[in-house]
Amino acid sequence: MNLLYKSTRSNDKTVTASQAILKGLAEDGGLFVPETLPALNVSMEALSKMSYQEVAYEVMKLFFTDFTEEELKNCIAKAYDSKFDTEEIAPLVKADGAYYLELFHGSTIAFKDMALSILPHLLTTAAKKNNIKNEIVILTATSGDTGKAALAGFADVEGTKIIVFYPKNGVSPVQERQMVTQKGKNTYVVGIKGNFDDAQSGVKAMFNDKELAGKMDQKGFQFSSANSINIGRLVPQVVYYVYAYAKLLADGEIKDGEKINVVVPTGNFGNILAAYYAKNMGLPVNKLICASNENKVLFDFFETGKYDRNREFILTSSPSMDILISSNLERLIYKIADNDAAACKGLMDALAAKGEYTITESMKEQLADFAGGYASEDNTKEAIKSLYDKTGYVLDTHTAVASYVCRKYKEDTKDETKTLVASTASPYKFARSVMTAIDPSYDAMSDFELVDKLCEISKTAVPNAIEEIRTASVLHDTVCDKTEMKAAVEKILAI
Ligand SMILES: *Cc1c(COP(=O)(O)O)cnc(C)c1O
């Protein structure tokens, strides 16, 4: 069966999976969604005996139906290889009664690697299938982790260039250093004077700029997106929820068919949306618990049905979740509006014009699958320290938000369902915040002293991604105003 995709904002046009991956964003500004969500057609019993790569194939083939078996298996093999420091790719760790799904064993030690290690291969395969001659220019806005993961994924991939915009003062020192030391002749990194939402809005505007597209086409370029709105990022994220469930079953932690809760530290709503898609494909999931930091726009949305971005933007110790416009939420809105593109467009237009919208009662009823929670900065620190004191296991700040929300949810609801927590970054990536949560006196140490101390107290090896930047030199130093992003792109492409 051939699965087609359409925009969340209009129903008249369909595209194939490979076209949706190439375009990133639909022409009307909407996001591509599959016409129907496929059902898992392999038993959990069978999946529980498979490797990560095999599970990935079983899930992805249901979505990317215009890729041949060989093409898809090729992409999977190139993505999930020795770039990951464990053969399991996404191992599970049980700590204090919860199951932490470690999604940070790839080249940049954060969960974006799960999808960004395969996207370049999906994209170049899709370009070949569609006879694209233009060079593909990946344009990305990042709140820290996407940028480096995309740079690492695309560096020196033939037929592509990658330009990453990040908020100059809105990412961690390690995140910034990881990006500005990126090697690769086709990589460009630009800091902007503004926050992540400014960077994301600027990128969106360029994607919608017909004049710019024309100019680029003349010079043999076309844009594509590596942001989490690309369906080629979303689908690879469905894989690890299926894999985790199968692993819990294989390990005898759950019975076949037993429902589990899933807690996801959320920013752009991509990771948790993947879990929601997995549930809709038949994965036995009870509640999807959306964990926010102090930028709790999603918590408020799940409480009230009103999405309201008109609020102060707060810089927290979990910067990859410092987001006021969660782009992927649009796909959920579309689904709970019973695939009514006009209704979805109306709400998104209201968001663009007024910064807010309110969903209808019947849409709200369809949010019963979700629960929301949030953690303050103090809650986050406490979650790191208490789990460490109790078990010796060290969480990063983003995962700590989820860990706190998980505990709070259990206390409040008495729901004893077994719970999977998406662990989205290695603690080494946010060593200062993590270590000072455990003991404030560590703040006197330098960044790399902290890394060594973390190694000592957690009894885990220092990841390669950290070792590399100890000595790497800065290769990118461009900074521009948030209003100058288009000019920066034109300069880079010499158009
Ligand atoms: C991107 C990111 C998140 C948020 O994921 P979304 O898919 O944007 O909701 C959480 N934690 C870390 C470490 C991230 O990099």
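Let's start with a term: a residue is buried under 20% relative accessible area, exposed over 50%, and partly exposed in between, using a 1.4 Å probe and protein chains only. This is a predicted model, where local features need pLDDT of at least 70 and side-chain atom pairs count only at pLDDT 80 or more, while totals for chains, interfaces and linings use all residues. Numbering runs from 1 along each chain as its sequence is written, and side-chain values use heavy atoms, with hydrogens and water left out.

Take F111. F111 counts as buried because its relative accessibility is 9%. You'll find F111 in the loop between β5 (98–102) and α5 (112–116); helices (H or I, at least four residues) and strands (E, at least two) are DSSP runs numbered from the N terminus. Skipping neighbours within four places in sequence, F111 is in contact with L103, Q237, Y240, N271 and T424, contact being heavy atoms within 4.5 Å. The C-alpha atoms of F111 and S423 are 7.8 Å apart, though 312 residues separate the two along the chain.

T424 also leads us to the ligand. K112, D145, G267, N268 and T424 come nearest among the 15 residues around the ligand, that is, those with a heavy atom within 4 Å. The side chain of K112 puts an N or O atom 2.5 Å from a ligand oxygen, and a polar side-chain atom of T424 is 2.8 Å from a ligand nitrogen. The protein buries 98% of the 380 Å² that the ligand exposes when taken alone, with areas from the Shrake-Rupley method and a 1.4 Å probe; for residues, only the protein chains shown count as cover.

Notes: Polar contact = N/O pair within 3.5 Å; in protein donor to acceptor, adjacent residues only side chain to side chain.
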